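Please examine the sequence and the three-dimensional view below before reading on.

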Amino acid sequence: MRTTLAIVGSLLLATSALAERVTELNGRKVQLFPSHERAAKIGGARASNLSYHNGPVIHQAKVVSILWGPAATWGTNGSPSALAQSLTSFFAQFGGNPEYNVITQYYDSGGSVQLTNLTSAYWVDNTTPPTGVSDAAVQGEVIKALASVGVDTDAVYEVFLPPASYASYGSFDSCGGPNLQFCAYHSNFQYNGQDIKYASMPYPSCSGCQWPGWPAAQNFEHFACHETREAVTDPDGNAWYDRQGNEADDKCAWSPSPFVVSGYGYQDEWSNLNGGCVPSR
């Protein structure tokens, strides 16, 4: 099982481990991608295409948005906030647009990734998360949501956090944590014999996880674009990645620059057909 972390734009040393962007943490393979300030310096894997490693992809994916935190941030299940509505609107159009279409070239033995309506459900939990939200806590929140929204092995359960909380993965933290290293990540776990795909989506409250001039919604969408496409093309860490362990969105993270289409934030995606990063197909 591989967990991929979206690394922030902080001033990190260019160590050989970071340049490889793959490390081991608590027995799980963790994949890093570079900050926007330093993407060109350590993007050495760009020349190689992704390889298929015989694992599954998600053919017709869905996204369940789990909005964890106070009503001031997310509203309620009956009355979502403007930010919550923006995120659900993003997913409603993402699975059928040209930015998602790039990944329809990737496949497994059952066929290719398909265009789809990604929106399965959203669920608001107005309890207060811990200040530091561990990976175990994120998985626990997904399990809590499953009782209301159900189990779907084609879904990616994306846990969005409020600004007063930060995510932790081992010794790595998101915005607000003592060891700022990443912006978001995706992974999977087993629950009652089912393979659950999920993502931790911390609030982009620091400059390292923000694109200049973008509001919170577009910064969230940028990371949701990245993590969702990777969860679809490499849900269990054994499908599509390159010889250095980089998944498709890792290879294009922060460079070229993130961009806006129809008010939503995106990044480029690696295309084997083009041999490089493309914004859409």
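Strand E5, which spans residues 62-68, is mostly covered, since six of its seven residues are buried. Here, buried means under 20% relative accessible area, exposed means over 50%, and partly exposed lies in between, as found with a 1.4 Å probe on protein chains only. Helices (H or I, at least four residues) and strands (E, at least two) are DSSP runs numbered from the N terminus. The model is predicted: local features need pLDDT of at least 70 and side-chain atom pairs count only at pLDDT 80 or more, while totals for chains, interfaces and linings use all residues. Residues are numbered from 1 along each chain as its sequence is written, and side-chain values use heavy atoms, with hydrogens and water left out.

Which strands pair with E5? Two strands pair if DSSP finds at least two bridges between them. E5 pairs with strand E10 (residues 155-160) in the parallel sense over six bridges, and Lys62 has Ala155 of E10 as its bridge partner. E5 also pairs in the parallel sense with strand E8 (residues 119-125), again over six bridges; there, Ile66 stands opposite Trp123.

How many disulfides does the whole structure hold? A search finds three, where a disulfide is a pair of cysteine sulfur atoms within 2.5 Å. In general terms, a disulfide is a covalent bond between the sulfur atoms of two cysteines.

Cys183 and Cys209 form another disulfide, with sulfur atoms 2.1 Å apart. Because Cys183 lies in strand E13 and Cys209 in the loop between E14 and H7, the pair ties together parts that are 26 residues apart in sequence. Cys183 counts as buried at 3% relative accessibility, and Cys209 is buried at 1%.

Cys252 and Cys277 form a disulfide as well, their sulfur atoms 2.1 Å apart. Cys252 lies in the loop between strands E15 and E16, and Cys277 in strand E19, 25 residues apart. Cys252 is buried, with a relative accessible area of 0%, whereas Cys277 is partly exposed at 21%. With bonded cysteines counted along the chain, the disulfides follow the pattern 1-3, 2-4, 5-6.
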